[in-house]
Amino acid sequence: MNDKWAEKHWLNVPGPFYTGITDNCWTGRLHAPRHILYGGEYYNEFIYRQPVTEAEVESVVVAAQQDPYDGFAFDGDERWTPEAVRAWWSGRTEVEKHITALLAEWTASTEPQRHEAAEGARDFLAYLAGDLETDLRAYVFRLEHGRYPDPGDQLPQL
């Protein structure tokens, strides 16, 4: 079995779900459009928003089952450390630049599938500029305390 963590796509948002090497057939968004996007050198699938609800988890699992390379992994909680999450967050400018370039490319395309992916890129950029920081702070809390924070708990800084 390959080590998906060693092959982890650099654009994966920290959390329990992530991808290593996946196909580039653009099928992930058919099942989990609010969680999966394509990018990197080969336009492979990656997790841009961690699923929260049972239905969201199920949609990511279904997308993973469609990947012929078996490139999805669900052991991120055992792999991410608070320091690694903070390092990812500190490199978010590169993530933003990459997704912005993809958005421009996909918006200029005449292919409907690329226009749909552009919607995902817009969603990711909005998430990156908005709620992602709070979500990652809560995830670091979980990694440090073994649970998600309760209301009133002090969230760690990134």
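Trainee: Helices (H or I, at least four residues) and strands (E, at least two) are DSSP runs, numbered from the N terminus. Which strand holds tyrosine 38?

Mentor: Tyrosine 38 sits in strand E2. Before we go on, this is a predicted model, where local features need pLDDT of at least 70, side-chain atom pairs count only at pLDDT 80 or more, and totals for chains, interfaces and linings use all residues. Residues are numbered from 1 along each chain as its sequence is written, and side-chain values use heavy atoms, leaving out hydrogens and water.

Trainee: Got it. Is tyrosine 38 buried or exposed?

Mentor: Tyrosine 38 counts as buried because its relative accessibility is 1%. Buried means under 20% relative accessible area, exposed means over 50%, and partly exposed is in between (1.4 Å probe, protein chains only).

Trainee: And what does tyrosine 38 touch?

Mentor: Leaving aside residues up to four places away in sequence, its contacts include Trp26, Tyr43, Phe46, Leu102, Trp106 and Ala117. Contact means heavy atoms within 4.5 Å. Also, the C-alpha atoms of tyrosine 38 and asparagine 24 are separated by 7.6 Å, with the two residues 14 apart along the chain.

Trainee: You mentioned Ala117. Which residues of H6 are buried?

Mentor: Ala117 is one of them, and the buried set of H6 also includes Gly120, Phe124, Leu125 and Tyr127. The buried residues of H6 pack against helix H1 (28-31), strands E2 (36-39) and E3 (44-47), and helices H4 (82-90), H5 and H7 (132-145).

Trainee: How far apart are the end C-alpha atoms of H6?

Mentor: They are 26 Å apart, which agrees with the 26 Å that its 18 residues should span at 1.5 Å a residue. The expected span is 1.5 Å times one less than the number of residues.

Trainee: Zooming out, how many helices and strands does the chain have?

Mentor: There are seven helices and four strands, and from the N terminus the order is β-α-β-β-α-β-α-α-α-α-α. The radius of gyration of the chain is 15 Å, close to the 15 Å that the globule rule gives for 158 residues, so the chain is as compact as a globular protein of that length. That radius is taken over C-alpha atoms, and the rule is 2.2 Å times the number of residues to the power 0.38.

Trainee: What share of the chain is buried?

Mentor: Buried residues make up 44% of the 158 residues.
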